[in-house]
Amino acid sequence: MSVKINPDLQKERNTATFVPEEFTVWWKGGQKKYEQILALEEMFLNDPELKDDLPISYMSHKELYEHAIRKSVRIAEKIREIRNNGEDNVETYNALLGGSLGTALLKEGNPMALHFVMFVPTIMGQGTMDQQVEWLSKAWDCSIIGTYAQTELGHGTFLRGLETRADYDEKTQEFVLNSPTITSYKWWPGGLGQTANYAVVVAQLFTKGEFRGLAPFIVQVRDEETHMPLPGIDIGEIGSKLSMKSVNQGYLGFKNVRIPLNHMLMKNQQVLPDGTYVPPKNSVLTYGTMMFVRVALVRDAAMALAKASTIACRYSAVRRQSPIDPKEPEPQIMDHTTQQLKVFPIIAKAIVFKANGENIWNMYNTITAEVEKGALDRLPEMHALSCCLKAIVSADAAAGVETCRLSCGGHGFMDSSNFPTLYGMATAVCTYEGENTVMLLQTARYLVKVYGQALNGVKLVPTVAYINEAVKTKEFRNFDGSMESIVRAFQFVAANKVRIAYERMEQRRKQGYGPEVSANMCGIELTQAADLHGRAFLASSALYELTKLSSQVSKALAEVLMVILELYLVDACLNRLGDFLRFIDLTDSDVSNLELRLQNCLKRLRPNAVAMVDGFGIHDRILDSALGVYDGNVYKRMFEEAKKSPLNKEPVNQSFHKYLKPFMKANL
């Protein structure tokens, strides 16, 4: 039976000037990947064992975990089937464990995700061939379940501050693991609470009484048969959180826990039986794993904004309120310019982040290939870029989801809108895989260093080459408001923010302060410089990627993509107007023109807004929002969700007779 589409939503689709499916193919990564994604959705979303009869918001914490374990095992069984048929690939794991399909199946996270996402890849990346032979078959078959335990209660992003100790005992050829303080307890690893029985544990390594640095160890934490914690292991779950409530994140402490010598992962560094330490050939290689995750997070941010803007845009087409002309009926709220300003730039950001995500992913793969051949020159550049982009896109994604929620009024506050879950997941990224301010400071240290090189005439690597130009020209000329001009202006402003950070650091050093103290005193300037550097890269990459894409698609889609690009760049410029006015001689007329162009972009995108979010190709089960359903029957869906509340299963709750009625009758 066909579902009747809300007429307002259908009207929006009828007036679109391009075919959404053409955009969908690009968004999904090409025709082949698009077909693979559709096949995965068919396989998993239609499995009755992976559907929720009761919304999980009504479950207790314990019920939610048990529900998640049942479903995660079913997902793992199906992954095993796919792998046995030789049909698995990286995209399969991305979609099911970290991507949008995975969040549709387990809204609050998968307690087995870190087994596949961190435990297995760490063994592959840091284990010797013998260790891989020993552990990978068990891990792939899930005869053991692992997690990755690095962060501690007292230290996260600052890895050198980790306190867990691994002391080598050459007499028994064992490592002895201890958690000397409460702050040294491992804290946050997904699945650690009750799910995993093994963990890769990152600890401070000591041999022959000397500190050697951080090292990873494979540690069994629970019995393989009974699942009881092993002697010396203090383990449990950390409790409920803002989001990721079913990930089963845990704590872990050690008291004289002994593990064999070969349980240290020794691909990059070794401990010999007599306790001799063989250090890694190059410590800079430790950038690799964290860079990989941060690069992936750029694409995740794009998906978070795609979901949020899809909900907000479709709802804005269906919701009618507040007459613009008192003589006319209530309009679609999308007709209000202020509503367009809330929603449309988020659509543009989703697309720009997606294009940038693909760009930086390709850059990462190129530089990784160079590293494998021994060329490490561009590794610091990649590290710096991945740090600041992770910080910027995660902050923008969290803010964007919240803006979209607010654009839906009170209804956006309901769980059934899916905004609470979307926001929780988005804002979590601001602190995991490196807290955002720390990420910006890491980038800033690199920027200050290369600025000094530019002053000495050194030709800089591509992503910071704009600093060479700024050092030469000193002032910005010919701002004509074009998209190319806005990108050049972003780079000029970023270069000057880096200059200020560099000069103030130099001032502090001349006053006698050391580099670390100077960096702390100039922390505001440093983070601002890194933020502008990242935004300059986003602007430049957006101009290049979307212009290139526009040359490869139909004229109709190309025209819409150019509106998207212009909207993003003009909006980004106006949001940093103070910095632009500080370093560039903009006139009142220049600013007025930018403001009018922003409004014009909103007007031009208006007929294609719904078609654009349709082009994201997000299945209703994945969107999971009563406000954002494809058919637009919002109010019907909201009622259906409201009726699922356990409180609606009986006309009178027992609390009335037990508490309320006696209170109401007390004074009669």
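This is a dialogue on how to read some features of a predicted model.

Trainee: What should I know before I start?

Mentor: The model is predicted, so residues are numbered from 1 along each chain as its sequence is written, local features need pLDDT of at least 70, and side-chain atom pairs count only at pLDDT 80 or more, while totals for chains, interfaces and linings use all residues. Side-chain values use heavy atoms, with hydrogens and water left out.

Trainee: Which residue does UniProt list for "active site"?

Mentor: UniProt positions are given in the numbering used here, feature names are shortened, and annotations may be inferred rather than shown by experiment. The unreviewed UniProt entry lists Glu-433.

Trainee: Where does Glu-433 lie?

Mentor: Helices (H or I, at least four residues) and strands (E, at least two) are DSSP runs, numbered from the N terminus. Glu-433 lies in the loop between α12 (419–428) and α13 (436–455). Contact means heavy atoms within 4.5 Å. Apart from neighbours within four places in sequence, Glu-433 is in contact with Met-290, Val-293, Arg-294, Leu-297, Lys-390 and Met-439.

Trainee: How many salt bridges does a search of the whole structure find?

Mentor: A salt bridge is a side-chain nitrogen of Lys or Arg within 4 Å of a carboxyl oxygen of Asp or Glu. The search finds 38. One of them joins the side chains of Asp-47 and Lys-78, at 3.2 Å from N to O. This pair links distant parts of the chain, 31 residues apart: Asp-47 is in the loop between α3 (31–45) and α4 (61–84), and Lys-78 is in helix α4.

Trainee: Are Asp-47 and Lys-78 buried or exposed?

Mentor: Buried means under 20% relative accessible area, exposed over 50%, and partly exposed in between (1.4 Å probe, protein chains only). Asp-47 is buried because its relative accessible area is 5%, and Lys-78 is buried at 6%. Both belong to a network of salt bridges that links Asp-47, Glu-49, Arg-74, Glu-77 and Lys-78.

Trainee: What does the salt bridge between Lys-71 and Asp-52 tie together?

Mentor: The side chains of Lys-71 and Asp-52 meet at 2.8 Å, N to O. Lys-71 lies in helix α4 and Asp-52 in the loop between α3 and α4, so the pair ties together parts that are 19 residues apart in sequence. Lys-71 counts as buried because its relative accessibility is 0%, whereas Asp-52 is partly exposed at 33%.

Trainee: Which helices hold Glu-525 and Arg-504?

Mentor: Glu-525 forms a salt bridge with Arg-504, and the closest N and O atoms are 2.9 Å apart. Glu-525 lies in helix α17 (residues 523–550) and Arg-504 in helix α15 (residues 483–510), so parts 21 residues apart in sequence are tied together. Glu-525 is buried at 14% relative accessibility, and Arg-504 is partly exposed at 34%.

Trainee: How do I read a sheet?

Mentor: Strands of a sheet pair through backbone hydrogen bonds, either parallel or antiparallel. Here, two strands pair if DSSP finds at least two bridges between them. An open sheet of three strands has the order β4-β8-β7, with antiparallel pairing. β4 (186–187) and β7 (233–237) stand at the edges with a single partner strand each, so one side of each has no neighbour in the sheet. Two bridges join β4 to the antiparallel strand β8 (residues 250–254). Trp-187 stands opposite Tyr-251 in β8.

Trainee: What is there to say about phi?

Mentor: Most residues other than glycine have a negative phi, and most peptide bonds are trans. Phi of Lys-208 is positive, near 50°. Lys-208 lies in the loop between β5 (198–207) and β6 (210–220), and is partly exposed at 45% relative accessible area. Phi of Asn-478 is also a positive value, near 65°. Asn-478 is in the loop between α14 (466–473) and α15, and is exposed because its relative accessible area is 65%.

Trainee: Where is Lys-107, and what does Lys-107 touch?

Mentor: Lys-107 is in the loop between α6 (100–105) and α7 (113–126). Lys-107 counts as buried at 18% relative accessibility. Not counting residues up to four places away in sequence, Lys-107 touches Ile-56, Asp-415, Asn-418, Thr-421, Met-425 and Asp-624. Lys-107 and Met-244 are 137 residues apart in sequence and 7.9 Å apart in space, C-alpha to C-alpha.
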